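Here are my notebook entries from an afternoon of looking things up.

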Amino acid sequence: MKGNRKGPLEKFVPWFIPFFIIAAWQLLSWSGAIPERILPAPSQIIQAGIDLTITGELSEHMGISLWRALVGFLIGGIAGFVFGLLNGVFRFADLFFDTSIQMLRNIPHLALIPLVIMWFGIGETSKVFLVALGVLFPVYINTYHGIKSIDKKLIEMGKAYGLNGKELFFQIILPGAMSSILVGIRFSLGVMWLTLIVAETISAQSGIGYMAMNAREFMQMDVIVLSIIIYALFGKISDMIAKYFEGKLLKWNN
Amino acid sequence: MNSHDLQGVDVTIHQVKKKYDDREVLEGLDLQIREGEFVAIVGKSGCGKSTLLRLVAGLEDINGGSINLDGTPLEGLNKQARMMFQDGRLLPWKRVMDNVCLGLPSDEKDRAMQAITQVGLKERIHDYPSKLSGGQKQRVALARALVHDPSLLLLDEPLGALDALTRLEMQRLIESLWLERKFTSILVTHDVEEAVAISDRVILIENGKIALNQPIHLPRPRQRTNPAFSMYVEEILARIMNRKSKKNYSMLVNTETESLFNPINN
C-alpha cells in the first residue's frame, strides 16, 4: 500500500528519545550520579538478563508467565466473545444475561484476589482465573456493542438478497462487528498483563512477578528492573501482534 | 442465461393499505403493472412511494389489500424481486466481485463476472467499495441486483445521490439492460425528468393514493430535446405542484395523438 513505506528518517526518529535516555542513564550511572542501589545501570541490567538466561531461570519464569497470560486470555476472551455474540444477536439471551454481566463487570476483578486465594490457593488456577475474568468484560462489551451498532440497512439488504441465517452472520454481522471486537481485544491485552503482574506479585512461586518480588528480598535491583522491562516488552509485543491482525482483518477500512 | 428465457412478472396491487402507528401512508392503493413494463413512481417526499416499493419487495407487511405476482399472492420476502437502494448498501468489507457474488451459489462466479462486465467495471473487481466513486458503487449495486436474473427490479431512488452526468449515464445503462432482459421494473424517483426519460408509465402518488397515471409515448432512446418530452415533464410537474399547466396537455393521455409526439417512429 502507498503511504505505508517509511523513509529511513521516519523509521529512526521515534527511537531517538529512548536511545538518548538510555545513553544518558548509562553515563550518569558510570559517573556515579545515579547510585546503584537506587537504579542500576543499563549494562548491569543486561548482565543480569544474561546471567539469568544462562542459569535457565529467566526462560522458566517467562514461560510460566506467558502460559498464564495465554490460557487466561483464551478462556476469558472466548467466554466474552461468545456472550457478546449471543446477547448481540438474540434478544432473549440479551434480556437474560446482560443485566447480570453488567453487574459483575462493575466489581474490580483485582478486589477478588483475597477471595480467589481462599478458593484456589496460590496455584495456577487462581492466576488464570483472575486473568480470564479481567479479559472477559472488555471483549464482551466490545463484541456486544459491535453487533448492536451494525447498520440495520445492511442486514435488511442481506435478507432481501436471500442470505440465510448463517450467511447473514458470517458475511454481514461478524465482519461488521470486527473493528469493535478488535478494539476489545487490544484493550483486554492490556488488562491481561496488568492482572498478571498484580497476581504474580502478590501470590506466586514462579513467573516474572515472583522473580521481581524474590529479587527484592535479596536487594537485587538489576533483576527487579529487568522484570519490569520484560513486562513492558511483553505488553508491546502483544499489542503489535494485535495491531498486525487489525491491519489484516480491516484492510477494507484503509 | 439467454435473454429469451428471461422475462418479467406481472404485478397486481389491489387496495393496499399501510399504516405506521396511526399514520396511514397508503390508503387502498390500486396499481396494475404488466410484465416487462417499466413504471416510474413520483411524488413529494413522504407520499409513500418508497413504502409501496418496500411492500412489493416484501420487506414490510401490508395492513390490508393484496399484492399478486403473476396471480400468486406475495407472502414474506419477494424472491423474484431484487432491490437497488439509494445508499447502495454495498458491504464495505467485500471487494467488488464478492459484493456481486452475495447470495450467489459459489459455482456461479462466472455469472457475477458477466454482470460486472455489463456494468463496465471489469477492471475494478478486486477493489473495495471505499475506492469507488458514487456512480461506480451504484453500478456494482446494479450488477449485484441483476446477477440473480430478477423478474422484477425495484429501484429506490438509486440515482438520487449522483451528479447529473453520472445520472444520465446510469439511466442509459439501466434502460439498456432492461431492454435487453425485459424484466418488470419499478423506479421510485423524485426527478420527473428521469421518470419520463426512462419509464413506460409515470405514476404520481398523493395522499396515499394514485393521483396520476401517465403513459409516456415517446420513442426510445428518448430525446430530452424533443418538445413532447418537455410537455410530459411540465404536465406531471404541474400536477405535482397542484397548479394548472399553462397549456392543456390533456391530450397526452390520449393514445390517438401519439403520432403527434412520435413523428420519427410512425
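My helices (H or I, at least four residues) and strands (E, at least two) are DSSP runs, numbered from the N terminus.

A note on the source: this is a predicted model, where local features need pLDDT of at least 70 and side-chain atom pairs count only at pLDDT 80 or more, while totals for chains, interfaces and linings use all residues. Residues are numbered from 1 along each chain as its sequence is written, and chains are lettered from A in the order in which they are written.

**Entry 1, the hairpin in chain B.** I found strand S9 (residues 201–206) of chain B running antiparallel to strand S10 (residues 209–215) of chain B, with six bridges. Opposite B:Leu204 I see B:Leu212 in S10(B). Two residues sit between the strands of this hairpin, and B:Asn207 takes a positive phi near 50°.

I counted eleven helices and zero strands in chain A. Its radius of gyration, over C-alpha atoms, is 23 Å, well over the 18 Å that the globule rule (2.2 Å times the number of residues to the power 0.38) gives for 254 residues, so chain A is more spread out than a compact globule. Its C-alpha atoms fill a box of roughly 75 × 55 × 30 Å along the principal axes.

I looked up contacts (C-beta atoms, placed from the backbone, within 7 Å): 15 residues of chain B touch 13 residues of chain A.

Methods. Two residues are in contact if their C-beta atoms, placed from the backbone, lie within 7 Å. Two strands pair if DSSP finds at least two bridges between them.
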